[in-house]
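Open the structure in a viewer and keep the selection panel at hand. The stops below say what to select next and what is there.

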Amino acid sequence: MNEVTVTLTVNGQAHTVTTAAQKTLLYLLRDDLHLYGTKDGCREGECGACTVLLDGRPVNACLVLAGQADGREVVTIEGLAADDRLHPLQHAFIQAGAVQCGFCTPGLILSSVALLEQHPHPDDQQIRRALTGNLCRCTGYTKIIEAVKLAAGEMAMEVEHD
Amino acid sequence: MQSLEFKSPGSIQEACRLLDATGSRPIAGGTDVIPQMRDGRFQAGTLVDISRIPDLSYVKQINGEIAIGSTTTHTMIVDSPLIQARARFLAEVSGIVGGVQTQNRGTLGGNIANASPAGDTLPVLLALDATLDLVSQSGERSLALADFLRGPGRTAILSGEIIRQVRFAPLAQGAQSLFLRLGNRKGMLISVVSVALVLELDAAGRVRDCRIALGAVAPTPIRCREAEAILLGRPVDAGLIENAAAAAEAASRPIDDVRASAAYRRHIVRVLVRRGLKQLAGLGEATS
């Protein structure tokens, strides 16, 4: 079996992993680093359940080879909460009831994190565009969009207080 | 996925050397390559990652042309002021290729090399009369995109060769462009039919430049020169547009598949060409 050795930062922590060359970042995270928050949905870049931030941008971890993550910075859902405090988006998804089965939630939250970095006050259209690549089969998206707006408001208030 | 070797060359020369070996295939964003390997539609012993070669990712103006490096992501094209100003429909189409995740990884060169009849950027690049610069260990050659695309998933690329860049003349300041597609839903779709249009009128309202390209209605995306000839040099009106739309329909050779029947696709070609040209000509048919 051919292997690759990959050095990457995941949620602020450096890791060096030697793994099968055909493995994707999704299974490097799940099998090698035991981070199960990144979900395996379609394995073909359609559903967005495996969305992580790669150098700050949302990507489908199922379509990134392990070797392609070498030297990169990855943020997964496990990297958002600070100590015991949830990220405002995590909190807003709970507040708005934007979670049913929860399978799509980590991916949706990471896509939303990237959106709010770029557009702190997004309109509905910007939210919908940012979440096009994240499928939810339970909620119908209305509460998800509400949650993103709620978090945008919370984060704007935090910035004012800082 | 089957066992494979992974190589990450640091230069174009090294990439070409690694690719000039049996069983070596390039990978960039992986948005097509990885699903195809998983389905067994694509065999490779070695994947050569060209996505991190520094001098393959750019949008710039060279000798009056716009040149886009092959591993430039769709996101970079969406964000490029040059593309927004001088090839607007390329920025538009790059912003609807898959979702944001796909746009952040997927590359223009990859969309071309994949040569899907429904590849979203291809009709736009055909309408721009794009030329490809290909590079291998033995040197460089240039090929019109229309000659590069040979059939579904088939191109003129040789073993050991990669696409270095895509280039085209910017559209005239007064030209307008539009990309329209019909799919079975709004996002994350494979087009049933797509249409790329350019229209430029002179001061008298006559058509100075007109380009019509279609996706998903033939083995490769196609230009409709017959339809363009109907409009060129004439004052644009609804009747002329109807004739051009009919000519575009006649030029399509679609197939029946899981997404739509051939007859429906032909009908939709006429509808989208008519709708798009009317919009560009200011003849007031709103797009949905």
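Start by colouring chain A in two parts: domain 1 covers 3–79 and domain 2 covers 88–161, with bounds that come from an automatic or database domain assignment. This is a predicted model, in which local features need pLDDT of at least 70 and side-chain atom pairs count only at pLDDT 80 or more, while totals for chains, interfaces and linings use all residues. Residues are numbered from 1 along each chain as its sequence is written, and chains are lettered from A and ligands numbered from 1 in the order in which they are written.

The C-alpha centres of domain 1 and domain 2 of chain A lie 22 Å apart. Where they touch, 14 residues of domain 1 of chain A are in contact with 12 residues of domain 2 of chain A (contact: C-beta atoms, placed from the backbone, within 7 Å). On the domain 1 side, S3(A) gives the most, with 3 residues. Strands are DSSP runs of E, at least two residues long, and helices are runs of H or I, at least four, numbered from the N terminus.

Next, select the strands of the open sheet in chain A. Its 5 strands have the order S2-S1-S5-S3-S4, with mixed pairing; two strands pair if DSSP finds at least two bridges between them. Strands S2 (13–20) and S4 (57–60) of chain A each have a single partner strand, so one side of each is left without a neighbour in the sheet.

Zoom in on S3 (residues 51–54) of chain A. It runs antiparallel to S4(A), and 4 bridges join the two. Angles run from 0 to 180 degrees between N-to-C directions, and axes are lines fitted to C-alpha atoms, for helices over the stretch in contact.

The axes of H2(A) and H3(A) come within 10 Å and cross at roughly 125 degrees. Which residues meet here? A:Leu89, A:Gln90 and A:Phe93 in H2(A) meet A:Thr105, A:Ile109, A:Ser112 and A:Val113 in H3(A).

Finally, show chain B. The contact between the chains takes 25 residues from chain A and 24 residues from chain B. On the chain A side, the largest share, 4 residues, comes from S4(A).

Technical notes
Two residues are in contact if their C-beta atoms, placed from the backbone, lie within 7 Å.
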